[in-house]
There are 2 protein chains.
Amino acid sequence: MALAEQSLSTLNNLKTREEMVADAIRRAILTGQFKPGEKLDQQDLANNLGVSRSPIREALRTLAAEELVTNFAHRGVVVTTRTRAELEELLFIRMMLEGAAARRGAESMNRAQIAVLEKIVLAGETSNDTQELLQLNNDFHNGIYEAFSQPVLITHIQQLRNKIAPYNRVYLELEGRKEEAWAGHRRIYEACVEADGSAAEAETKLHLEQVFDGILQAQ
Amino acid sequence: MALAEQSLSTLNNLKTREEMVADAIRRAILTGQFKPGEKLDQQDLANNLGVSRSPIREALRTLAAEELVTNFAHRGVVVTTRTRAELEELLFIRMMLEGAAARRGAESMNRAQIAVLEKIVLAGETSNDTQELLQLNNDFHNGIYEAFSQPVLITHIQQLRNKIAPYNRVYLELEGRKEEAWAGHRRIYEACVEADGSAAEAETKLHLEQVFDGILQAQ
DNA sequence: ATTCTGCATATTGTATACAATATACACATA
DNA sequence: TATGTGTATATTGTATACAATATGCAGAAT
């Protein structure tokens, strides 16, 4: 094994089991492998991931604080389910934060960042794979938000999106929604090209409103 | 022991040790008993709270996800410290969310809720005890936000305030800040009386800006 | 004197053992 | 049959034992 690879692997192993377990379960929830309402058995998780219940339990506390799972004392952990009203609240908050972030992003993007964004838009407009589209959607928004240095805001937005993620998988498969979403992305992209913060904010809010409409419709 | 008391006590004991521990440590951080940067020794906590390390560790994972503490693998947990830039970001987010919440609150408060708010304002204007003023400040804002039913938004705001709490204790002791803060509260209160959402939002943002100015000045 | 090396120690991370609670089912009772 | 009660069982919650890592200091090397 090459040294570089070895040290890289060693670095990865520096992550504790608790961290790796939390990442694995979080990923499973975000990708829809574990669905809302599904019970997560600690011993099963431990067996599947090859660790004891200790790091499993600690990881579940982390995920519970992120509201991706809900813990019922003595009864177990389930993937969080959300009412329509709760989703609406989350979507409202997300609109405020992402609107503000888009404004700042559009005002501070450089050419290289815009070029990356353009490639993502083109890829999104032509792709038809749901999994890939979800990834491109993430890349697009992150491409804007990472243009400026507000790590706290970005983290908050990401966590909000995670909370909604289990509910926006169905949405993209609705007729016409995919095209609608990427038309919105293109308008936001164009606002970025012109460094027009107000337009970026307005288009982002409009775009999210359409997305949310689809998500709520799918419930 | 009276039956009512007993059953109440039993209900309280239904809380797991992990929950009680998390509450205790969270409270200690929010009240300034544990200060930013302070290391939290697991065994010490276990001894002081009369439990084993297991519930302590799980509680610390919860608090870490809330960003009240920061975990360094194999090195321990410390109360989270924040840079000025991070505080500014948190304050910015809080302004957006609390502004929106104040608008909705002002538009939906009933007479009883307004009467409660008035008492809080009067108490705040006359009190001089820092601890009490912090509590009254909480009560005032919660009094508005709980007037409407948006539990998700309220939770988010509360968590944001918790993240900042360790840094806003010094502020109230700065000359003139206490009066400034309660003058702001009164203006927000008056906007609520008139059910003027726009004014409530504007006054809340103004109020928070002043508070933030004080917090940042104290750093 | 300063820097490096290696070991001792303390603390955290993980596994396992044990206790407490909730659930389900059998059985009794009306 | 329907309802209630008790007990067995499975799962979670907690304590303890053990492993792994980081830290600090003693002593060596320069």
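Two strands count as paired if DSSP finds at least two bridges between them, and strands (E, at least two residues) and helices (H or I, at least four) are DSSP runs numbered from the N terminus. With that in hand, Lys39(B) stands opposite Val78(B) in S3(B). This is a predicted model, where local features need pLDDT of at least 70, side-chain atom pairs count only at pLDDT 80 or more, and totals for chains, interfaces and linings use all residues. Residues are numbered from 1 along each chain as its sequence is written, while chains are lettered from A and ligands numbered from 1 in the order in which they are written.

**Strands of chain B**

- S1(B), residues 39-40, runs antiparallel to S3(B), and 2 bridges join them.
- S2(B), residues 69-72, also pairs with S3(B) in the antiparallel sense, over 4 bridges, and here Val69(B) is the residue opposite Val79(B).
- The hairpin of S2(B) and S3(B) leaves 3 residues between the strands, and His74(B) has a positive phi near 70° there.
- In a regular strand, side chains alternate between the two faces of the sheet.
- S3(B), residues 76-79, has Val77(B) and Val79(B) on a covered face, with Gly76(B) and Val78(B) on the uncovered one.

**Where the two chains meet**

- Taking contact as C-beta atoms (placed from the backbone) within 7 Å, 19 residues of chain A are in contact with 20 residues of chain B.
- On the chain A side, helices H4 (53-65), H5 (84-108) and H8 (151-164) each give two or more residues, and H5(A) gives the most, with 7.
- That side of chain A splits into 9 nonpolar, 4 polar and 6 charged residues; nonpolar means Ala, Val, Leu, Ile, Met, Phe, Trp, Tyr, Cys and Pro, charged means Asp, Glu, Lys and Arg, and the others, Gly among them, are polar.
- The copies meet through the same surface, because 100% of the interface residues of chain A are also interface residues in chain B.

**Around DNA strand C**

- Counting a residue as near when its C-beta atom, placed from the backbone, lies within 6 Å, there are 18 residues around DNA strand C, and Thr16(A), Arg17(A), Ser52(A), Ser54(A) and His74(A) come nearest.
- Two or more residues each come from H2 (17-30) and H4 of chain A and from H3 (42-49) of chain B.
- H4(A) gives the most to this surface, with 3 residues.
- The surface near DNA strand C divides into 3 nonpolar, 9 polar and 6 charged residues.

Definitions and conventions. Buried ≥ 20, exposed ≤ 12 C-beta atoms within 10 Å, placed from the backbone. Contact = placed C-beta atoms within 7 Å.
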